[in-house]
Structures are given as C-alpha cells and as structure tokens.
Amino acid sequence: MIQIENVTKVFKPGAENEVTALNNVSFTIENGDIFGIIGMSGAGKSTLLRCLSMLEKPTSGRILQDGVDLASLRGKALLKAHRKTGVVFQGYNLLMQKTVRQNIAFPLKLAHAPKEQVAARTDELLQLVGLQDKADVYPAQLSGGQRQRVAIARALATSPEVLLCDEPTSALDSLTTKQMLALLQDINTKLGVTIVIITHEINVVRAICNKVAVIDAAKFAESGRTDEIFDSPKSSITRLLLGTEGGQKHA
Amino acid sequence: MLETILGLKDVLIEGTIDTLYMVTVSTLFAYLIGLPLGVLLFTTARGGIHENTTVNRVLGWVVNIGRSIPFIILIVALIPFTRLVIGKAIGATAAIVPLVIGSAPFVARLVEQSLEEVDPGVVEAAKCMGADRFHIIVHVLLGESVPSLIRGFSITAITLIGYSAMAGAVGAGGLGDIAIRYGYHRYQTDVMLFTLVLMIAIVCIIQFIFGFAANRIDKKNRA
C-alpha cells in the first residue's frame, strides 16, 4: 500500500521563479491496483512519479510504502527500496551500448544475483514481454513499442511489488498502445504487481485502471474507482478531461 | 634525396621508435590521471551524482590553469621535477613527464565531455534500479560512453605527437628532434619533409585504427 499524505513539492523555494509542482496532494494506492494518475500537461503528475520513485523528495508531507516513509531511506535501505519499485520511463532510458538481454539483466547484476539465476530470470522476462527473438540485438535496432517492452522487462527484473509507468503509451500508435495495455494488465493479474500509470490519456485509464486520481494544477482533484469517477465526476477538471476525450495528445 | 634519407635510415628509425614510445606511454599515463579527474569533474558538477561545488570549482581551476600553460614553457618549468622523478631531464623518457602533466588536464576535459553525452535519463533509470554511485560511474557513465572515450583517446594521442615534437626541441629525441636538427639547423629540407611524412602517416594510422574501433563498438546509431 502506498499512502501519499499531504505531499507538496516546491522547486527553487524562495526564488523569484519558484514553482509549486505539487500542492498538498493526498490519496492511497492499494496493493494489486492498476492505478491511473491523470491530469493535463504540467499538472504535476511527473513530479509525483519522481517522488514515488525516490528520485525527488517531497518538500513537505510524506509518502509511505507499506508504512515506511520513502524520504527517510538512506544507503543500503534506499537501494533495497529502489529494487522493490520498478520504473518505466517515458523515454525508456535503456542502455544503448548493451543488448536487450544485458539491459534486462542489469538490475539483477546490480543486486549481485548469481549468474545462472540472472540467465534464467532474463529468459523468463524476455518471454513475458514477447521478445525472445530480440535478446541479442541493441535498443537502436528496436521500434518504440519493443523498447518499451524491454523497459518493462527490466523494471520487473528484481520482482518489484510496484511498477511505476510514466506515460507508457504516449509515444505509441493505437494498436501498439492496446498491446502495451494488455501486457500491463497481464503483469498485474499474473504477477500481482501493483501498477501505477501516469497519463494524460483518459482512454488508457478507462481501458485498464481500476482506480484513478485526478490532478489539476498541482492540486489533488478527486480519486476513487474509475467507473464511479467517470460516471459521476465531481470536479470540473475530470469533466473537462472526459469532454476532450480522444482530443489533444500532448505529453 | 633518396640517398640522404637512406643514409639517415638508422636515425629515422630510432626517431620513429622514440616518438611512438613517448606518445604511447604518455597517453596511457595521461589517462591514468585524466580519466579519474574527468569523472570527478563530471560527477561533482551541479546536479551530478556526487555534487560538490567546491571540489568542482577547484578542479575546474586546476584544469584550466594546466591547459593554459604553453607546453614549451611547461617543459622547462618542470625540469627540476623531471629530474626528481626520472633522474635526468633529457631524453625520451624524461620528456614523458611534461607530456603527461601537460596533457592530463586536456584528457580530463575530453572525458568530462564524453560523459556529458550520456543521457541523464539513463542515470536516473540506473538509480531506480538500485545502482550505487560506483555502479553508475562504471556501468552507465563510462560504459555508455566507451565509443566517445575511444575517439577522445585518439585525439589525445595525436595531440601528443605534436607535443612530443616540441619536446624534441629540448633534446627528447624523436621525429620532431630530427626535423629540427636536420631540417631547421642544417637546412636539409628533404629530411625535414620526410620526417613530416612519417608523422602524418602515424597520425593517419592512429586516426584510422581508433576511428574504426569506435564505430565498430558504438551500438547507438545502428539501425
């Protein structure tokens, strides 16, 4: 369970160009959820993801994962916590000088897993994302959708409890998007991994998220079960997002 | 002309060997100092994985000062130090000391620049996978910039050929020394031209080998 409690993130506090990216945001993500975090561009979604993935610390408030304050973690405990949360980045962020197999094996090597275990786990993940035949090629030779699959396999390597996805479909065409969402759904059901999806696309949320939180201009708007929120939206931003369905596609 | 060159065969061979010796050894030592320095310059910079503005500023100054000193002055200024390290201040081995000290700051900047080409997103991804700083430096920063580092290595080696010729002027031997002694002091233009051709050949060979290796290793632009 991830509890986001009164999280505020201010960049360059006190400076003239101070930016409040998140303003007192609170909601809870339960284990096993496919949780959508939706909002317009610049709403603060990505900042929230960066806080969830421990790349940034909230200026105030806290994020508890299974009761542990993420911002309090240091050293070995922090490295361990990182391995419990997989992150799939918008730009994939693969190692370009390493093969698909080496990319997927990388987190396992960092965790000092024995060689046979690394090989076995890598094969398993290649199969899960359907890239067995691409194991020994380099990312530059792959399509966007295939790179995304490598990124997902890599994020799952250390068997994390949570998978954070930053705009996992915004760069993909509609067919590839469908396949990607099916894969994420599959991962959630088969492996029981909690999935958090940051997106600006209402279709993505509607397709696979059982719960959703709506963020608007750094503030929390509403959250709850996707069907309930979309059937009777309480905030104007949700209505706006629903109204512009299939509209602009800006990240 | 051919006769003069053939008559100087032994001198030219010795000069070539001296040049190759000076360039190879000093390039390696320059990287021994410059590579860690470059990594430190990059990682201590603002937003780096080891952010430390004081260390970064001091290092930056040291490197800039090192790079500003004209090489010929550095050779002379370092004579006492060279004597201390090598035991003498003349000869190819003695020339390696100023060559290394003169080029290490240059190497540091080249390395820093190579690391700057690495996508910062990949560094963040590595952090999220539980990589500590050492892993990030070895596997991500250095690992991802190997082709660029190789290209920098050939730039350094070629620059050091020019530097070693200057060192020749103060008795280090090598092809530069021959060009000055025979070509400049004795007006033997043919000898000077021939040594020049040899140096050009060495530069081309280095450029070719390392350029080929870098392109071969680079997987980033392979479609």
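This is a predicted model: local features need pLDDT of at least 70, side-chain atom pairs count only at pLDDT 80 or more; totals for chains, interfaces and linings use all residues.
**View 1. Where chain A meets chain B.** Let's start with the meeting place of the two chains. Chain A brings 23 residues to the contact, and chain B brings 24 residues. Between them, the chains bury about 2,100 Å², with 62% of it on carbon and sulfur atoms. On the chain A side, look for A:Asn93, A:Gln97 and A:Leu110: these residues lose the most area to chain B, together 28% of what that side buries.

**View 2. A salt bridge between the chains.** Now zoom in on two side chains, A:Arg50 and B:Glu124, which form a salt bridge. Their closest N and O atoms are 2.6 Å apart.

View 3. Which elements can you trace here? At least two residues each come from α2 (75–84), β6 (85–88) and α3 (100–110) of chain A. Sorted by kind, the residues of chain A that touch chain B are 12 nonpolar, seven polar and four charged.

**View 4. A nonpolar patch on the surface of chain B.** Finally, turn to B:Trp61, B:Ile65, B:Ile69, B:Ile72, B:Ile73, B:Met166 and B:Val170, which form a nonpolar patch on the surface. Together they have about 620 Å² of accessible area. Two helices of chain B, α3 (53–68) and α4 (71–77), each supply at least two residues of the patch.

Note on methods
Residues are numbered from 1 along each chain as its sequence is written. Chains are lettered from A and ligands numbered from 1 in the order in which they are written. Side-chain values use heavy atoms; hydrogens and water are left out. Contact means heavy atoms within 4.5 Å. Buried area is the accessible area (1.4 Å probe) that two parts lose on being put together, summed over both. A salt bridge is a side-chain nitrogen of Lys or Arg within 4 Å of a carboxyl oxygen of Asp or Glu. Helices (H or I, at least four residues) and strands (E, at least two) are DSSP runs, numbered from the N terminus. Ala, Val, Leu, Ile, Met, Phe, Trp, Tyr, Cys and Pro count as nonpolar, Asp, Glu, Lys and Arg as charged, and the others, Gly among them, as polar. Patches are made of residues with over 30% relative accessible area and no salt bridge: like charges are joined within 9 Å, nonpolar side chains (Val, Leu, Ile, Met, Phe, Trp, Tyr) within 5 Å. Accessible areas come from the Shrake-Rupley method with a 1.4 Å probe; for residues, only the protein chains shown count as cover.
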